[in-house]
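Subject: Structure for your review

Dear colleague,

My notes on it follow directly after the sequence and the coordinates.

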Amino acid sequence: MMPARFAPLAYVLIVFGGVTAAGSTPVLAGPLNVMADLIFLPLDGYPLAEDPVFRLLASIAGGLMVGWGVMIWRLSRDASLASAIRWGGIAWYVVDSTGSVLSGVPINALYNLGFLALFIGVTWPRRAPAAS
């Protein structure tokens, strides 16, 4: 059981992941451009999230952060580990795949289906075997 005090960490990861993933489309890339400028000093307005690879990686990284945040949030709410992993995986898939489509690489959403199947398959609730 994870204490509820970890919920704020989950919220920060979800918001930061959302901002990062939003960089997958030029219309919403402003905050990601500011973060990149702060990381790659000096503050000169570069680099910009214009390269398709940069935008795809933003969607992947953002999806991972959101998925991780959802998993931590679920655990902080006393969810089972399987449920937390399943919902974290679903959140990752939605954010990563949406960002992939917006960044012009929709085939990545198809590739992500394999990972989503793993997340759901290994965490799907199982019935207890019948007593003999």
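How far does H4 reach from its first C-alpha to its last, and what is expected at 1.5 Å a residue? The helix has 22 residues and spans 31 Å, close to the expected 32 Å. Please bear in mind throughout that this is a predicted model.

Overall architecture

The protein contains five helices and zero strands, and along the sequence these give the pattern α-α-α-α-α. Taken along the principal axes, the C-alpha atoms fill a box of roughly 70 × 35 × 20 Å. Of the 132 residues in the protein, 37% are buried.

The pairing of H3 and H4

Helix H3 covers residues 52–76 and helix H4 covers residues 81–102. Their axes come within 7 Å and cross at roughly 160°. An angle over 145 degrees counts as roughly antiparallel, and H3 and H4 are therefore roughly antiparallel to each other. The crossing of H3 past H4 is right-handed. On the H3 side, the residues making the contact include Leu56, Ile60, Gly63, Gly67, Val70 and Arg74; on the H4 side, they include Leu81, Ala84, Trp87, Gly88, Ala91, Val95 and Asp96. By type, the residues of this contact divide into 14 nonpolar, eight polar and two charged.

Several residues of H4 are buried, among them Ser83, Arg86, Gly89, Trp92, Tyr93, Asp96 and Ser100. The buried residues of this helix pack against H3 and against helix H5, which covers residues 107–123. Just after H4, glycine 104 takes a positive phi of about 90°.

In helix H2, which runs over residues 30–39, the buried residues are Leu32, Asn33, Met35, Ala36 and Asp37. Among the elements that cover them are helix H1 (residues 7–22) and H3.

Two individual residues

Tryptophan 68 lies in helix H3. Its relative accessibility is 48%, so tryptophan 68 counts as partly exposed; the exposed class begins over 50%. The C-alpha atom of tryptophan 68 is separated by 8.3 Å from that of glycine 89, although the two are 21 residues apart along the chain. Glycine 89 is itself one of the buried residues of H4.

Threonine 25 is found in the loop between H1 and H2. Is threonine 25 buried or exposed? At 14% relative accessibility, threonine 25 counts as buried, because buried means under 20%. Leaving aside residues up to four places away in sequence, threonine 25 touches Arg55 and Leu102. Threonine 25 and alanine 128 are 103 residues apart in sequence, and their C-alpha atoms are 46 Å apart in space.

Yours sincerely

Methods:
Residues numbered from 1 in each chain as written. Predicted model: local features only at pLDDT ≥ 70, side-chain atom pairs only at ≥ 80, totals over all residues. Heavy atoms only, no water. Axes fitted to C-alpha atoms, helices over the stretch in contact; angles between N-to-C directions. Helix = DSSP H or I, 4+ residues; strand = E, 2+ residues; numbered from the N terminus. Parallel < 35°, antiparallel > 145°, perpendicular 65-115°, else oblique. Left-handed = near helix turned anticlockwise from the far one by under 90°. Contact = heavy atoms within 4.5 Å. Nonpolar A, V, L, I, M, F, W, Y, C, P; charged D, E, K, R; others polar. Buried < 20%, exposed > 50% of the residue type's maximum accessible area, 1.4 Å probe, protein only. Expected span 1.5 Å × (residues − 1).
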